[in-house]
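I opened this notebook to record what I looked up in the structure, entry by entry. The entries follow the order in which I went through the topics.

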Amino acid sequence: MPRSSTVPGSKVVLITGASSGIGEATARLLAADGHRVVLGARRAGRLAALAESIGAGGGNALPHVLDVTDPAGVRSFVTAAHDRYGRVDVLVNNAGVMPLSRLDALRTDEWDRMIDVNLRGVLHGIAAVLPIMQAQGGGHIVNIASVSGLRVDPTAAVYSATKHAVRALSEGLRQESRELRVTVISPGLTRSELTGSIGDGAVRAAVEGQMGIAIPAAAIGEAVRYAIDQPAGVDVNEIVVRPTAQG
Ligand code: NDP
């Protein structure tokens with residue numbers, strides 16, 4: 001049975017990219033723990049169905065259509081959560097795209113898209129919650145990076161660059177604050193819809209060929225749960241979760 005939303009330890013958790021994959025799995029796990037989850041993504045129907053499913057299970061979910069590339073939209077996502085619940089305890093910056101390709105394919109629109117969603121989107125989230133968390137005297141920002149933030153592979157140069165950048169700005173944020181907790185979670189191959197964003201057919205087929213070893217999205221949700229369930233003075237900064245069989 002989910003905990004009631006009023007039990008001690010229940011948090012207001014905002015999740016971007018909650019309409020599928022890791023974001024959806026994380027929302028389900030945290031809602032089942034009694035946290036109040038605020039679900040952001042572009043696909044309104046998916047968000048509504050997820051909120052309904054969480055509600056039917058006794059959880060508390062608020063869907064809000066969101067494009068993380070739009071700073072005003074991200075502010076309105078955060079404001080809606082704050083207006084509803086009076087605080088923002090956790091932001092999970094999870095929305096991301098991964099249109100992999102070689103640099104010499106010059107798919108420059110896809111480079112821009114990755115920078116806009118994976119990097120600027122995270123910055124928009126941080127900008128929207130920082131004033132609220134500072135006024136509250138605390139909060140927790142969880143950024144979903146990738147093992148591509150720890151290594152670089154062919155076809156993943158730009159994607160890796162965005163994920164390295166997410167790790168760098170997370171560390172900067174951590175150093176600048178004595179009130180916020182900052183966690184980077186770096187998944188390896190995880191079952192989700194992410195390969196659908198790969199426009200280069202040959203690269204997509206190659207990546208999908210590797211997905212047989214992928215772990216369930218809930219495995220990453222468990223890592224989010226672990227980080228946010230720590231006592232206020234304990235800041236889990238980095239977690240890497242990948243399939244045992246991944247090289
Ligand atoms: P999915 O494609 O299943 O989920 C991506 C989510 O991001 C969707 O909910 C999508 O929703 C959302 N999204 C994409 N663009 C935007 C946007 N502009 N504004 C708001 N939301 C957006 O993939 P994953 O669950 O795998 O991806 C989640 C995160 O995990 C990403 O940051 C990804 O880089 C990272 N990751 C994933 C790995 C994997 O193997 N799956 C490995 C390492 C990291 P919608 O389309 O409705 O907007």
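**Entry 1**

I began with T155, which counts as partly exposed because its relative accessibility is 23%, a value that lies between the 20% limit for buried and the 50% limit for exposed. I note here that I am working with a predicted model throughout. I then looked up where T155 sits, and found it in the loop between strand 5 (139-144) and helix 5. Its phi is near 75 degrees, which is a positive value in a residue other than glycine.

I found a positive phi at L106 as well, near 55 degrees, and L106 is again a residue other than glycine. L106 belongs to the loop between strand 4 and helix 4, and at 58% relative accessibility I list L106 as exposed.

**Entry 2: L103 and its contacts**

I stayed with the loop between strand 4 (90-93) and helix 4 (108-136), where L103 is also placed. With a relative accessible area of 43%, L103 is partly exposed. Which residues does L103 contact once its neighbours within four places in sequence are left aside? I noted W111, A157 and V158 as the contacts of L103. For V158 I also looked up the C-alpha separation from L103, which is 8.1 Å, although the two residues are 55 residues apart along the chain.

**Entry 3: helix 4 against helix 5**

I next turned to helix 4 and helix 5 (residues 157-176), whose axes come within 8 Å and cross at roughly 15 degrees. Helix 4 is therefore roughly parallel to helix 5, since angles under 35 degrees are counted that way. I recorded the crossing of helix 4 and helix 5 as right-handed.

From helix 4, the residues that meet helix 5 are W111, M114, I115, N118, L119, V122, L123, I126 and L130. On the side of helix 5 I listed V158, Y159, T162, K163, A165, V166, L169 and L173. Sorted by class, the residues of this contact between helix 4 and helix 5 are 14 nonpolar, two polar and one charged.

**Entry 4: helix 1 against helix 2**

I then looked up helix 1 (residues 21-32) and helix 2 (residues 44-56), which pack at an angle of about 20 degrees with their axes 10 Å apart. That angle makes helix 1 roughly parallel to helix 2, and the crossing of helix 1 and helix 2 is right-handed. The contact involves E24, A27, R28 and A31 of helix 1, together with L50, S53 and I54 of helix 2. By class, I have four nonpolar, one polar and two charged residues in the contact of helix 1 with helix 2.

**Entry 5: salt bridges**

Side chains of opposite charge can pair when their charged atoms come close. How many salt bridges does the count come to? The count comes to 13 salt bridges, and I looked into several of them.

I took R46 and E193 to begin with, a salt bridge in which the closest N and O atoms are 2.9 Å apart. This pair links distant parts of the chain, with R46 in helix 2 and E193 in the loop between strand 6 (180-187) and helix 6 (201-210), 147 residues apart. I have R46 as partly exposed, at 33% relative accessibility, and E193 as partly exposed, at 39%.

For D89 and R87 the closest N and O atoms of the salt bridge are 2.6 Å apart. D89 is buried, with a relative accessible area of 10%, whereas R87 counts as partly exposed at 35% relative accessibility.

The salt bridge between the side chains of R102 and D104 has an N to O distance of 2.7 Å. R102 is exposed, with a relative accessible area of 51%, and D104 counts as exposed at 54% relative accessibility. I also noted that salt bridges with shared partners join D33, E222 and R225 into one network.

**Entry 6: A227**

Is A227 buried or exposed? At 0% relative accessibility, A227 counts as buried. Leaving aside its neighbours within four places in sequence, I recorded contacts of A227 with H140, R181, T183 and V236. I also looked up the pair A227 and N143, 84 residues apart in sequence, and found their C-alpha atoms 11 Å apart in space.

Methods:
Residues are numbered from 1 along each chain as its sequence is written. This is a predicted model: local features need pLDDT of at least 70, side-chain atom pairs count only at pLDDT 80 or more; totals for chains, interfaces and linings use all residues. Side-chain values use heavy atoms; hydrogens and water are left out. Axes are lines fitted to C-alpha atoms, for helices over the stretch in contact, and angles run from 0 to 180 degrees between N-to-C directions. Helices (H or I, at least four residues) and strands (E, at least two) are DSSP runs, numbered from the N terminus. Angles under 35 degrees count as roughly parallel, over 145 as roughly antiparallel, 65 to 115 as roughly perpendicular and the rest as oblique. A crossing is left-handed if the near helix is turned anticlockwise from the far one by less than a right angle, and right-handed if clockwise. Contact means heavy atoms within 4.5 Å. Ala, Val, Leu, Ile, Met, Phe, Trp, Tyr, Cys and Pro count as nonpolar, Asp, Glu, Lys and Arg as charged, and the others, Gly among them, as polar. A salt bridge is a side-chain nitrogen of Lys or Arg within 4 Å of a carboxyl oxygen of Asp or Glu. Buried means under 20% relative accessible area, exposed over 50%, partly exposed in between (1.4 Å probe, protein chains only).
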